[in-house]
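Have the structure open while you read.

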Amino acid sequence: MSEQIIKKWTEAFNNADWETVASLYTDDTVGSDPTGATYTGREENLANDKIWRNTFSDFSFEFGEFIQSGNTCAVEMQVTATMSGEMEMPDGSKIPPTGKTHTMKACQIIESENGQINNQRMYTDMVSMMTGFGVMPS
């Protein structure tokens, strides 16, 4: 079941179908993104998703093997995207788009409840990501 939720979430995220993305979160969803920041509740998670989608475009997700245990599902994947929007930094400054496309490995882990995500964690190598998009020197 959770495998289908991950696939539905990535498809909706790709298409900026925010109504579907929102419907996949429980009211009290807890999520963390590759920066390590934590977001609580449907609205905070949705706002964070929109920031990522506004910074990067042309997303594609290539899934590896899904591992399911109870209500928890994990999948390693390759994510390809283009940095086509500004990247907002924690201090409020903004890095202009580089226009570079980069492929990176990532891992998504979700816990689901009644067909919705109630905990989501996304991991990637941020140094590889930032150098791949040309934000940091290699």
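C73 is tucked away: in this predicted model its relative accessible area is 0%, so C73 counts as buried. C107 is partly exposed, with a relative accessible area of 24%. As for disulfides, the count is zero.

**Cysteines**

- A disulfide is a covalent bond between the sulfur atoms of two cysteines.
- To be counted as one here, the two sulfur atoms have to lie within 2.5 Å of each other.
- C73 is in no disulfide, and the nearest cysteine sulfur, which belongs to C107, sits 9.7 Å away.

**Strands β4 and β7**

- Strand β4 covers residues 72–83 and strand β7 covers residues 101–113.
- These two strands run antiparallel and are joined by eleven bridges.
- If you want a spot to look at in this pairing, find T80, which stands opposite T103 in β7.

**Strands β7 and β8**

- β7 also pairs with strand β8, which takes in residues 116–124.
- The pairing of β7 and β8 is antiparallel too, over eight bridges.
- Here E111 stands opposite N119 in β8.

**The turn**

- What do β7 and β8 form, and how many residues lie between them?
- They form a hairpin, with two residues between the strands.
- N114 is in that turn, and N114 has a positive phi of about 55 degrees.

How values were computed
Residues are numbered from 1 along each chain as its sequence is written. This is a predicted model: local features need pLDDT of at least 70, side-chain atom pairs count only at pLDDT 80 or more; totals for chains, interfaces and linings use all residues. Side-chain values use heavy atoms; hydrogens and water are left out. Buried means under 20% relative accessible area, exposed over 50%, partly exposed in between (1.4 Å probe, protein chains only). Two strands pair if DSSP finds at least two bridges between them. Helices (H or I, at least four residues) and strands (E, at least two) are DSSP runs, numbered from the N terminus.
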